[in-house]
Amino acid sequence: MPVRVMKLLGVTHLVATNAAGGLNPKFEVGDIMLVKDHINLMGFAGNNPLQGPNDERFGPRFPPMNEAYDKTLIREAKRIAKELGLENIVHEGCYTYLGGPNFETVAELKMLSMLGADSVGMSTVHEVITGRHCDLTVMAFSLITNKCITAYDSNDNPNHEEVMDVGKMRQDVLKLFVQSIVKYIKQTEDSINP
Ligand SMILES: O=P(O)(O)O[C@@H]1C[C@H](O)[C@@H](CO)O1
């Protein structure tokens with residue numbers, strides 16, 4: 001619904017962000033993962049934001065999703081990351097979500113990893129699907145706030161305090177990153193429609 005309101009207000013681009021657990025063992029806490037694809041696991045369970053009668057004013061009944069994340073924006077976000085000296089903490093990967101609100105079990109995380117997911121969270125996919133359905137240009141990134149626990153003998157527990165703490169730790173960097181991406185989008189739009 002908010003995504004469609006944005007569309008009606010004339011918004012052309014959606015930059016979605018989330019906090020996520022890192023499944024890819026190369027990711028460290030505080031890293032940023034540019035989303036190149038997602039696995040809509042809630043969709044597998046019959047929960048899709050486009051369920052119900054299609055409103056043709058927004059988009060087609062059967063929208064493609066293989067190019068959901070704009071390749072140019074991913075490329076430019078990488079360039080911007082380099083300019084800002086963030087290249088060592090910025091990666092690219094596949095996001096998935098189970099919907100929450102509980103954090104995942106060890107078995108679930110092992111399964112998600114086998115499926116090819118690099119980060120796991122509780123949001124974003126519904127907004128991206130709705131945005132692509134109404135032809136918004138979409139990019140998304142995860143802030144890796146914790147490493148996913150995939151060992152039964154671990155004494156760690158994921159927790160929301162840690163997620164909030166890492167978000168606060170990275171807030172200035174993320175603000176600069178998003179501002180630079182939005183500036184790039186605005187410059188590009190202005191050169192197309194002066
Ligand atoms: O950015 P989102 O809202 O996906 O953040 C995740 C999911 C929960 O809101 C929270 C769990 O700590 O982080």
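**Helix α3 and its charges**

I began with E83 and R79, which sit 4 residues apart in helix α3 (residues 71–83), so about one helical turn separates them. This is a predicted model, which I keep in mind throughout. I checked the contact itself: E83 and R79 form a salt bridge, with the closest N and O atoms 2.6 Å apart. I then looked up the cover on each partner. E83 is exposed at 59% relative accessible area, while R79 is partly exposed at 35%.

K71 came next. I found its side chain in a salt bridge with E67, at 3.1 Å from N to O. Both of these residues are exposed.

**Helix α7, then the total**

I moved to helix α7 (residues 171–192), where D190 and K186 are 4 residues apart, so they too are separated by about one helical turn. Their closest N and O atoms lie 2.7 Å apart, and the pair forms a salt bridge. I noted D190 as partly exposed, at 34% relative accessibility. My search of the whole structure gave 9 salt bridges.

**The barrel**

In what order do the strands close into a barrel? I get β1-β4-β3-β2-β5, 5 strands with mixed pairing. Ignoring direction, neighbouring strands of this sheet are turned by 50° against each other on average.

I followed strand β3 (residues 90–97) most carefully. It is mostly covered, with 6 of its 8 residues buried. On one pairing, 7 bridges join β3 to strand β2 (residues 32–39), and the two run parallel. I picked out L34, whose bridge partner in β3 is E92. β3 also runs parallel to strand β4 (residues 119–121), joined to it by 3 bridges. There I noted Y97, with G121 as its bridge partner in β4. Between β3 and β4 the chain passes through helix α4 (residues 106–115), and I logged this β-α-β crossover as right-handed.

For the β1 and β5 pairing, I counted 10 bridges in the parallel sense, with β5 covering residues 137–147. H13 stands opposite T137 in β5.

**A nonpolar patch**

Which residues form a nonpolar patch on the surface? I find M1, V5 and L9, with about 370 Å² of accessible area together. I placed L9 in the loop between α1 (2–8) and β1 (13–22). Is L9 buried or exposed? It is exposed, because its relative accessible area is 71% and the cut-off for exposed is over 50%.

Methods:
Residues are numbered from 1 along each chain as its sequence is written. This is a predicted model: local features need pLDDT of at least 70, side-chain atom pairs count only at pLDDT 80 or more; totals for chains, interfaces and linings use all residues. Side-chain values use heavy atoms; hydrogens and water are left out. Buried means under 20% relative accessible area, exposed over 50%, partly exposed in between (1.4 Å probe, protein chains only). Two strands pair if DSSP finds at least two bridges between them. A crossover is right-handed if, with the strands pointing away from the viewer, the path from the first strand over the helix to the second runs clockwise. Patches are made of residues with over 30% relative accessible area and no salt bridge: like charges are joined within 9 Å, nonpolar side chains (Val, Leu, Ile, Met, Phe, Trp, Tyr) within 5 Å. Accessible areas come from the Shrake-Rupley method with a 1.4 Å probe; for residues, only the protein chains shown count as cover. A salt bridge is a side-chain nitrogen of Lys or Arg within 4 Å of a carboxyl oxygen of Asp or Glu. Axes are lines fitted to C-alpha atoms, for helices over the stretch in contact, and angles run from 0 to 180 degrees between N-to-C directions.
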